[in-house]
Amino acid sequence: MKLQRMNRRALALGALAVSGALALTACGSDETGNPDGGSSNAAAPSNIKCDDASGQVLADGSSAQKNAVDAWVKQFSAACQVEINYKAGGSGAGVTAFTQGQVPWAGSDSALKPDEVAASKKICSGGQGIDLPMVGGPIAVGYNVPGVDKLALDSATIAKIFDSKITNWNDPAIKKLNPDAKLPNLKIQAFHRSDESGTTDNFTKYLIATAKKDFPYEGGKAWQAKGGQSAPQSSGVAAQVKQTAGAIGYFELSYAKDGIKTVAIDTGAAEPVEATVDNATKAISEAKVVGTGKDLALELNYATKADGAYPMVLVTYEIVCDKGNKSETLPAVKAFLRYAASEDGQKILAENDYAPMPEEIITNVRTTVESLS
């Protein structure tokens with residue numbers, strides 16, 4: 001009963017912070033994915049360690065993890081007197097804001113490049129920016145084809161669709177992969193991201209790794225293939241797919257809502273693999289740490305053919321200084337990242353269509369978070 005009373009007091013004290021944080025987050029982002037911060041409506045975990053965290057923290061970056069951050073903010077701000085304003089302007093915007101010293105941490109679906117690490121040294125006094133893999137998940141390929149409830153595609157066909165080489169839904173290549181589907185004579189409307197995006201980077205990395213002949217591009221955060229239509233951020237692409245007959249687009253599984261159907265990927269495994277949290281975690285478990293020092297950047301195996309491993313995945317990194325963090329924001333940033341990496345924080349991911357990090361990876365993240373200074 002004493003613990004319950006303490007929790008009630010903590011929730012009461014945190015109510016204003018929750019309201020402010022969620023309002024700020026909504027105002028700072030174009031994303032509309034999950035305004036309630038996901039399905040985690042329980043009271044804030046009593047074991048969140050706030051330390052000396054207080055005040056307000058501005059962050060920016062990956063829209064892919066926006067729904068995850070919303071869920072974390074809801075729980076964290078209920079326990080600690082901290083407002084987290086995560087703008088979710090995209091990975092490119094987040095990295096730029098971080099390296100320019102505008103935010104103390106950023107989210108990116110791609111690890112820092114050498115020039116970005118060099119830039120970070122100017123704002124990380126005596127240190128540098130590092131990548132902490134915190135959120136995983138499948139990049140779903142959503143489609144809107146009337147009368148087609150199930151659809152399987154392989155990487156070559158996806159590449160040709162998004163490079164305007166396959167332009168109609170009853171194309172022989174699609175028919176061959178879906179012999180039982182009633183594919184209509186309908187023009188394909190392929191949507192990609194208009195902003196620089198780690199989602200685009202990982203989506204194209206998959207196509208380059210598995211269908212280079214059909215997707216002859218260098219890849220990166222900016223879209224390079226020919227044709228198609230664009231929309232801003234994951235929510236924008238998902239909205240276009242939902243409202244456009246014949247549409248197809250890519251976005252995180254958490255945006256495949258309200259009846260949007262997703263493609264199963266024919267990887268060469270026994271069966272086409274569905275875009276699910278568990279299938280994504282299985283693929284991420286094959287990743288290797290390629291960062292040095294405290295940097296935990298990963299190399300994903302996009303070409304996996306393991307049964308039940310969904311290969312089109314991304315990992316969102318929280319980018320922060322290993323040393324030289326600003327004293328006024330370090331306690332709050334450290335406490336928030338500690339919670340995000342905790343067992344409770346990772347559990348929330350699965351409840352919101354994200355993939356928790358494999359245990360070996362998240363254990364290293366927890367150790368690194370505690371060392372931030």
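Cysteine 321 is buried, at 3% relative accessible area; buried means under 20%, exposed over 50%, and partly exposed in between, with a 1.4 Å probe and protein chains only. Its partner is cysteine 124, and the S to S distance is 1.9 Å. That makes a disulfide, defined as a pair of cysteine sulfur atoms within 2.5 Å.

Some ground rules. This is a predicted model, where local features need pLDDT of at least 70, side-chain atom pairs count only at pLDDT 80 or more, and totals for chains, interfaces and linings use all residues. Residues are numbered from 1 along each chain as its sequence is written, and side-chain values use heavy atoms, with hydrogens and water left out.

Back to the bond. The torsion about the S-S bond of cysteine 124 and cysteine 321 is about -75°, so this disulfide is left-handed. Distant parts of the chain are linked here: cysteine 124 is in the loop between α4 (114-120) and β4 (129-144), cysteine 321 is in strand β13 (residues 313-321), and they are 197 residues apart. Helices (H or I, at least four residues) and strands (E, at least two) are DSSP runs, numbered from the N terminus. Cysteine 124 is buried too, with a relative accessible area of 0%.

How many disulfides does the structure hold? Two. Cysteine 50 sits in the loop between α1 (2-27) and β1 (55-61), and cysteine 80 in the loop between α2 (66-79) and β2 (82-86), so the pair ties together parts 30 residues apart in sequence. Cysteine 50 counts as buried at 18% relative accessibility. Cysteine 80 counts as buried at 1%. Count bonded cysteines along the chain, and the pattern is 1-2, 3-4.

Now a helix. α7 (residues 198-211) has 14 residues. From first C-alpha to last, α7 reaches 19 Å, close to the 20 Å expected at 1.5 Å a residue; the expected span is 1.5 Å times one less than the number of residues.

Is α7 mostly covered or mostly open? Mostly covered: 10 of its 14 residues are buried. Among them are Gly198, Asp201, Phe203, Tyr206, Leu207 and Ala211.

What caps the N-terminal end of α7? Serine 197 does, with a side-chain oxygen 2.9 Å from the backbone nitrogen of threonine 199. Threonine 199 is itself one of the buried residues of α7.

Methods: Polar contact = N/O pair within 3.5 Å; in protein donor to acceptor, adjacent residues only side chain to side chain.
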